[in-house]
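I opened this structure for the first time and kept short notes. The entries below follow the order in which I looked things up.

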Amino acid sequence: MKIKKILITGGAGYIGSILVSDLVQKGYFVTVIDNLKFEKNSLSHLLGFKNFKFIKADVRNKNILINELKGKDLIIPLAGLVGAPLCKKFPRMATEINYNNIKFILSKIKKSQKVIYPNTNSGYGVGKKNSYCDEKSTLNPISLYGKTKVQAEKIILNHKNSIVFRLATVFGYSYRMRTDLLVNFLVREAVLKNKLEIFEPHFRRNYIHVKDISNAFLFSIINFQKMKGNIYNLGLSNANLTKIELAKSIKKIIKNIKINIKRNKADPDKRDYFVSNKKIEKIGFRTKVSLNEGIKELYKVFKINNFNQNKNNY
Ligand SMILES: NC(=O)c1ccc[n+]([C@@H]2O[C@H](COP(=O)([O-])OP(=O)(O)OC[C@H]3O[C@@H](n4cnc5c(N)ncnc54)[C@H](O)[C@@H]3O)[C@@H](O)[C@H]2O)c1
């Protein structure tokens, strides 16, 4: 059955606002449930479209959720407390939204309803220097954020009609801007302070532009039958970079900045891994936005608006 009607929870967020815009413009009927904790206007440009419906509500409101799950061909549960600091601050809510809510959705949908779920790849290779990770590598999350996401991934995969993405660190401009993500954070620092302070410079990570996340969701909607029941890493294969390599890539574009390496400071985020994205590439998915293009875009964005008011708080 062709996918037409889609429910997206958390659709007003960093990833959601780009993805929802693309889906609505492609003619899908999209319903979003979001409590608008961060950016109030990230979907306002869509309110005039007949194939878009917005519900300002908490996903933990079971009556609303049950009602909106009915008749949807596909559910994309993006709502979450995102990132380790936020989950540490609100542990109960993190479990309620990131795990219990997913469990509830799965208990209410029919076998025929499809699910696409975004996990983080942040648990790969933690504590293992320069490890090489593919989808068979186990996730070993340390933070509550990572743990709730991995628990949710496991139950999602029990629903046969599902696809899981394990996302690299996302970068790029979105209608709901996040300045805490590493590339976005460093480009903003470069613009505001003309310098980058890098600690643990040899920690390696994988990156991907937010537009390519949306492209991958669109690709998986079209190729759902071929892809279902599987996990796919999602990142730029030519952007498995150490932090110092990332800083140097930024300096190539914002030339007047200084890079200072802080030898005596530890990064609480122990990610250090090389991620293979071959599985999704093998079935034909190609990313479109390079890291350099993303840095150039972010440079222009932060010169106009430094997002000082942008607090990733709940
Ligand atoms: N951005 C990344 O690098 C990344 C990487 C891996 C996985 N993910 C996953 O992708 C999803 C979206 O992440 P994002 O970066 O867009 O984060 P985000 O914080 O920008 O978006 C989350 C959205 O969920 C909404 N929300 C939160 N709690 C809610 C609730 N109780 N009821 C209704 N709405 C609620 C927020 O208002 C927000 O619009 C999350 O599930 C996250 O774990 C993101």
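This is a predicted model: local features need pLDDT of at least 70, side-chain atom pairs count only at pLDDT 80 or more; totals for chains, interfaces and linings use all residues.

Residues are numbered from 1 along each chain as its sequence is written, and side-chain values use heavy atoms, leaving out hydrogens and water.

Entry on F307. I looked up F307 and found that this residue is buried, because its relative accessible area is 14%. F307 sits in the segment after α11 (291-304); helices (H or I, at least four residues) and strands (E, at least two) are DSSP runs numbered from the N terminus. F307 is not a glycine, yet its phi is positive, about 55 degrees.

Entry on E200. I found a positive phi of about 45 degrees at E200, also not a glycine. E200 lies in the loop between β9 (195-199) and β10 (204-209). E200 counts as partly exposed because its relative accessibility is 22%.

Entry on D180. I placed D180 in the loop between β8 (169-171) and α6 (182-193). With a relative accessible area of 39%, D180 is partly exposed. Its side chain makes a polar contact with the side chain of R178 at 2.7 Å. I took a polar contact as a pair of N or O atoms within 3.5 Å; within protein, one must be able to donate a hydrogen and the other to accept it, and residues adjacent in sequence count only if both atoms are side-chain atoms.

Entry on the cores. I used this meaning: a nonpolar core is a set of buried Ala, Val, Leu, Ile, Met, Phe, Trp, Tyr and Cys residues joined through side-chain atoms within 4.5 Å. The largest has 66 residues, and I8, F165 and I250 have the most contacts inside it. This core draws at least three residues from each of domain 1 (5-171 + 207-234) and domain 2 (182-206 + 238-304); the domain bounds come from an automatic or database domain assignment. A second, separate core has 29 residues, including F104 and Y117.

Entry on I8. Which residues touch I8, leaving aside neighbours within four places in sequence? I listed L19, V20, L23, V30, T31, V32, I33, I76 and L78, where contact means heavy atoms within 4.5 Å.

Key
Buried means under 20% relative accessible area, exposed over 50%, partly exposed in between (1.4 Å probe, protein chains only).
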